[in-house]
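Welcome, and thanks for taking a look at this one with me. Here are a few notes on its salt bridges.

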Amino acid sequence: MSARYARQIVLPEIGEVGQALLSKARVLVVGAGGLGSPALLYLTAAGVGLDSHGGRIGIIDDDHVDASNLQRQILFRESDQGLPKAAASLAHLTALNSKTRFVSHATRLNASNIVEILSDYDIVVDGSGNFSTKYLINDAAVKLNRAVVYGSILGFEGQVSVFWAQHGPCYRCIYPEAPTTHIPNCAEAGTLGGIAGVVGSIQAVEACKLALGLDHCRTHGLEPLIGKLLIFDALSWDIRKLDLDTNPTCSTCSGSAE
């Protein structure tokens, strides 16, 4: 294993101990789309979920591959058109790293299955593209004490944060309710494929940092984006990192922090 992962094991912030922690990580990627595709590829390549006694990478998506996906969903090929994304993802990721333990969920997250599914994971990479799923993930994650690596794209802009109520704000602390006015999605407003690649890649990095554990991160100077919102605008490459505060009256997470 060391030879394959030598370029990250040599990093003092990871080392052999950190690589073993990555192997044991249990990460669920919600959506194998524009954000989920690069996140899944980099998590798989990094050796996340190799440990057969608990480690895993979960993929949840109930959609099928369409020609319009190929502009940004780099996990798929033209020959995948019409196939379920969960199955096509599993095939490509297994070809990348056959030792990884994958769990494929060809379903949509909903109120009746989310607690059961999230219970099998410690970290959730949110690659969903709608508000209802983001709130659903957040509320279940607060209940189960799970970390959520949030990502969002629109046009040339991307955002990434880590919402973990036991250590910082949750999604509802920042956005208590879904917008009442219409917010265009990527299908309506468009986006450049590379923007999804940037955000999904950052999400994979944040998931790896979380998989190393907060104690490991503190010891080695790694700072997950807990209580931070990273925003970039690729039109000018204006990059900002904003501080996010926990809402003490949040209807979902108040009283959850350590």
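1. A word on the basis first. This is a predicted model, in which local features need pLDDT of at least 70 and side-chain atom pairs count only at pLDDT 80 or more, while totals for chains, interfaces and linings use all residues. Residues are numbered from 1 along each chain as its sequence is written, and side-chain values use heavy atoms, with hydrogens and water left out.

2. In this note, a salt bridge is a side-chain nitrogen of Lys or Arg within 4 Å of a carboxyl oxygen of Asp or Glu. The model has 10 salt bridges by that rule.

3. R172 is buried, at 14% relative accessibility, whereas E177 is exposed at 58% (buried is under 20% relative accessible area, exposed over 50%, partly exposed in between, with a 1.4 Å probe and protein chains only).

4. Next, please look at R26 and D122, whose closest N and O atoms are 2.9 Å apart in a salt bridge. R26 belongs to strand 1 (residues 26-30) and D122 to the loop between helix 5 (114-118) and strand 4 (123-126), so this pair ties together parts 96 residues apart in sequence. Helices (H or I, at least four residues) and strands (E, at least two) are DSSP runs, numbered from the N terminus. D122 is partly exposed, with 34% relative accessibility.

5. Finally, R218 and D215 form a salt bridge, with 3.5 Å between the closest N and O atoms. Both lie in helix 10 (residues 214-220), three residues apart, which is about one helical turn. R218 is exposed at 58%, and D215 is exposed at 59%.
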